[in-house]
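I opened the model and kept a few notes as I went. Here is what I looked up.

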Amino acid sequence: MRVEVAGTELELMAERAAYWPERATLFVADTHWGKAAAFRANLIPVPGGTTESDLARLTSAILRTSPRRIVLLGDALHSRDGRSEKTFQSLAAWRARHAEIEILLVRGNHDRKAGDPPEGLGIHCVDAPVIEAPFVFQHHPSETPAGYALAGHIHPAVRLRGRGLQRATLPCFHFAPGVATLPAFGSFCGSALIQPGPADRVYAIADDEIVNIWRR
Amino acid sequence: MASNRSRKTINDWFASRGWKPFPFQKQVWEAYRKGESGLIHAATGTGKTYAAWLGPLMEWMDGDGEAYPDLRVLWITPLRALVADTEKALRAPLKDLGIPWRMESRTGDTRQSVRARQEKRLPTALVTTPESLALLLARPEARQQFRRLQMVIVDEWHELMGSKRGVLAELLLARLRRWNPLVRTWGLSATLGNMQTAAATLLGNRAEGARVVRGLVPKTVRIDSLLPEQMDRFPWAGHLGINMLHQVTGAIEEGATTLVFTNTRSQCEIWYQAILEARPDWAGLIAIHHGSLERKLRDWVEDGLRAGTLRCVVCTSSLDLGVDFSPVDRVIQIGSPKGVARLLQRAGRSGHRPGETSRITCVPTHAFELVEVAASRDAWKAGAMESRFPVERPLDLLAQHAVTMALGGGFQADDLLAEVRTTYAYRDLSGIEWQWVLDFVTRGGEALRAYPEFQRVEVTADGAHQVTNRQIARRHLLSIGTIVADAAIDVRYVTGGRLGSVEESFISRLRPGEHFFFAGKSLEFIRVHNMVAQVRKAHGEAGSVPRWDGARMALSSELAEAVRTRLDQARAGVFEGPEMRSVRPVMDTQAKISAIPGREELLIERVETKEGHHLFFYPFEGRLVHEGLAALFAWRIARLRPITFTMAMNDYGIELLSADRAPLEASLASGLLSPANLAEDIPASLNAAEMARRQFREIARIAGLTFTGYPGQNKSVKQLQASSGLLFDVFVKYDSGNLLIEQAHREVLERNLERSRLGQTLDRLSRGVVRLLDIERPSPLSFPILVDRSRHRLSSEKLADRIRRMSA
């Protein structure tokens with residue numbers, strides 16, 4: 001779904017990513033790669049496969065948009081314990097198939113403890129903020145005079161209600177007047193309910209569709 | 001004969017207290033002497049304790065008479081709260097008869113110095129809980145320390161046997177019997193409908209020919225009700241019953257010491273507050289008691305009850321068990337007791353003096369509870385008694401136990417398999433299941449196959465299974481235990497005093513400065529710091545009351561049957577007894593708006609409100625069966641066309657609510673009520689309603705997939721937190737053969753839904769007549785279900801289509 005924001009356009013994708021056609025850039029927040037591996041490193045037997053399946057979803061977003069660049073809005077790796085050989089092998093294999101795409105990581109709170117991804121992955125890592133008018137790329141969703149912020153961190157989800165006491169909780173994109181929060185990309189991550197303000201726009205992800213929740 | 005000497009000593013001791021041994025006590029002493037094990041059942045306060053305890057004492061008197069012997073008697077109790085009183089009761093004969101035994105307890109509350117001493121040498125008699133016993137057995141020295149054990153007494157077995165804690169006890173007993181085959185086991189239990197099963201679970205493969213001894217027959221019980229003064233203004237739904245406050249304080253005034261039982265902790269807090277507001281002059285004379293309160297507060301209340309200094313204690317099931325409170329002369333039950341056994345148990349808390357009658361007064365919280373009171377009196381008179389059903393081979397618990405045993409000196413796989421198969425719970429454990437558990441605890445199962453460097457339990461060259469990783473050991477010891485502790489957060493004064501604990505979800509909704517009511521006090525929330533909610537005394541207005549997620553009690557099938565009979569009589573115009581006469585106007589309204597359901601028919605009401613289209617079904621089978629039926633009905637209807645249902649249920653019926661009208665007639669015609677295809681339809685409907693996913697919460701914790709963390713070390717644990725729902729999804733997707741997932745499904749089927757009862761219910765319904773009524777407005781019967789907001793959901797619509805009709 002195309003939305004207008006800060007004078008430009010973003011394509012919101014059910015893959016839990018947002019595409020900026022003007023700069024051929026794909027935004028992804030909170031991948032938390034290696035989270036399940038961190039559990040395993042602590043001998044909690046969680047099955048493998050989450051990182052690979054998340055990467056497959058990222059590939060699907062790439063195939064639909066052909067981006068020149070991917071911007072990771074923080075929390076790329078989950079924790080130091082999760083820096084496993086196997087996770088990095090999967091990442092490297094995936095990276096090799098998309099070597100032509102530039103990747104930029106704007107560090108978040110987890111990255112500071114977990115460390116940057118291995119250099120061989122060709123991910124350029126910088127501290128927030130990165131200003132690229134009209135946007136400011138950062139991890140924490142706070143307003144900034146430098147521009148319209150694109151952020152993650154929150155893992156936003158929205159609760160919907162309907163006739164017949166129906167209820168559903170869905171991951172969402174949350175656009176406030178000065179800052180947008182992207183859904184967490186990692187599938188082995190929880191979410192937090194947001195309370196949208198009256199001027200906000202919210203787009204929920206319902207399986208493979210984006211649904212506009214705004215002013216209905 | 002040597003036994004005569006001890007028999008005389010005991011008889012004399014009884015005589016010195018003005019007692020005489022009961023025949024059943026003598027029977028147990030004799031059986032114990034002959035090396036037998038068994039089960040004693042009777043109401044509380046009838047001498048079961050000494051029936052079990054004096055056998056080993058007499059054996060000592062007749063035997064070597066060794067001073068301060070090693071551990072001989074182990075006393076297992078389900079509740080920490082019972083430990084102090086048990087110790088006191090057991091100590092009395094030791095003291096009077098000058099028997100040189102050391103007697104101590106071991107629980108989570110035991111002081112470090114005492115623990116250290118016990119680690120070196122255990123006392124002669126030890127009172128403990130199943131979890132603390134597991135911890136004792138998780139040490140390599142355990143075998144040596146337990147080698148001279150002669151007797152294990154398991155108190156309140158009826159309370160343990162239906163739960164995974166009971167299974168834990170079974171496993172620990174199997175271990176003790178393997179170390180010393182001569183150990184005798186005696187269980188103490190309330191009377192149940194299935195005493196033979198109770199004995200089988202307690203004694204495992206040694207149950208054949210076991211003694212089941214009946215203690216004293218219960219004393220006379222009087223069951224009555226406080227009747228609403230104006231039935232036309234009495235609510236049709238609700239669970240607080242606070243509109244009966246005036247009558248309840250009146251009843252408290254009549255007695256010297258009254259126990260007011262409530263069914264939930266929130267209700268307990270609210271009633272305490274209400275009584276105090278109505279009678280401020282009782283401040284200091286009334287108290288509150290429930291399981292989330294700090295031990296010290298509870299101890300103070302229990303002491304007050306024994307001393308007779310309290311006029312009234314508002315409590316929950318926390319005061320159901322053990323402990324005699326002789327001064328109590330009146331018991332009030334707020335809301336339906338939901339079962340005959342519970343009603344009698346609570347009634348038995350009063351009238352402890354010889355010759356006195358136990359009296360329980362029920363207070364309805366809504367109109368139909370009056371029918372339940374009348375029905376429970378009927379069921380009691382007819383001698384109906386509920387059964388408790390044991391949990392069958394829970395693999396989560398077996399995985400936990402295997403790690404415990406690996407810590408406790410290690411094990412050989414075949415030996416431990418043979419040992420656990422001696423328990424009732426695992427008697428049918430298959431080789432495949434056992435292999436899976438071993439694989440899970442050693443290599444982490446399928447999940448960690450690609451990570452051979454990870455080993456939780458290590459296997460040495462000679463096949464011994466051991467734990468050497470200290471992190472694993474530490475985490476395991478902290479998470480032993482099978483009660484699902486919801487993320488509980490301590491409530492403390494800023495100055496440090498602890499008040500108890502509440503669920504994290506409640507605290508997370510509070511803003512600093514906001515007031516709430518807890519432990520009978522109005523408190524101001526200040527902040528959460530290191531998993532502690534800091535509070536100070538609040539002045540002025542009281543705020544909200546915490547809610548604890550506890551399982552709601554379901555109507556027993558015995559009581560459900562009695563309720564159906566009472567309703568059938570009401571339909572025929574027969575209203576016998578004060579409760580039925582009182583509820584008559586509501587029955588008349590039910591008959592006018594809809595109909596009173598008869599025994600042989602299934603009443604279905606269809607009504608539209610602004611919330612949507614409601615279908616109410618009334619099988620009267622109790623909440624647990626209705627949970628399964630609701631999912632099944634919703635699933636069968638939703639198969640006909642895309643539709644989304646929210647479901648609610650109570651002990652009487654089921655509601656299916658949808659935004660659009662459901663194709664009910666078409667579904668009835670195509671076998672909605674049919675008992676056919678249940679083997680396929682039930683799992684499919686439970687899946688669709690995500691019931692196994694919810695059940696997984698407990699399993700994930702017991703199997704060590706989620707844990708609440710180390711005390712004072714919460715930060716490092718944060719990065720290892722995932723909700724059990726998320727874990728469930730990951731397992732289903734990436735490790736579909738995981739037996740813990742299968743167990744979640746099995747538990748929903750067996751424990752929550754009682755599959756056989758579900759089948760029998762459908763048999764009954766499909767043979768009966770369906771009476772479908774379109775009604776103008778919700779009937780009195782539908783009301784308690786209609787207002788229930790905690791709902792399950794089931795949909796056959798595409799998610800995006802549903803969402804489009806919803807709003808934030």
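**Helix 26 of chain B**

I started with helix 26 of chain B, residues 691–702, and found it mostly covered, with nine of its 12 residues buried. Keep in mind that this is a predicted model.

I listed the buried residues of helix 26 of chain B by name: M691(B) and A692(B), then Q695(B) and F696(B), then E698(B), I699(B), A700(B), R701(B) and I702(B).

I then looked at what follows helix 26 of chain B and noted G704(B), which has a positive phi, near 85 degrees.

**Cysteines**

How many disulfides does the structure hold over all chains? I got zero. I checked C125(A) next: it is in no disulfide, and the nearest cysteine sulfur, in C189(A), is 18 Å away. C125(A) counts as buried because its relative accessibility is 16%, and the cut-off for buried is under 20%.

**Where chain A meets chain B**

I moved on to the interface. On chain A, 43 residues are in contact with 51 residues of chain B. For chain A and chain B I have about 4,100 Å² buried, with carbon and sulfur atoms giving 61% of that. Which three residues supply more than any others of the area that chain A buries against chain B? They are L43(A), R163(A) and L165(A), which together supply 19%.

The rule finds four salt bridges across the interface of chain A and chain B. I looked at the one between R804(B) and E209(A), where the closest N and O atoms are 2.8 Å apart.

I noted which elements give two or more residues to the side of chain A that touches chain B. The helices are helix 1 (35–41), helix 2 (50–65) and helix 4 (109–114) of chain A. The strands are strand 11 (156–162), strand 12 (166–175) and strand 16 (209–212) of chain A. Sorted by class, the side of chain A touching chain B has 18 nonpolar, 13 polar and 12 charged residues.

Definitions and conventions: Residues numbered from 1 in each chain as written. Chains lettered and ligands numbered in written order. Predicted model: local features only at pLDDT ≥ 70, side-chain atom pairs only at ≥ 80, totals over all residues. Heavy atoms only, no water. Disulfide = S-S within 2.5 Å. Buried < 20%, exposed > 50% of the residue type's maximum accessible area, 1.4 Å probe, protein only. Contact = heavy atoms within 4.5 Å. Buried area = accessible area lost by both parts, 1.4 Å probe. Salt bridge = Lys/Arg side-chain N within 4 Å of Asp/Glu carboxyl O. Helix = DSSP H or I, 4+ residues; strand = E, 2+ residues; numbered from the N terminus. Nonpolar A, V, L, I, M, F, W, Y, C, P; charged D, E, K, R; others polar.
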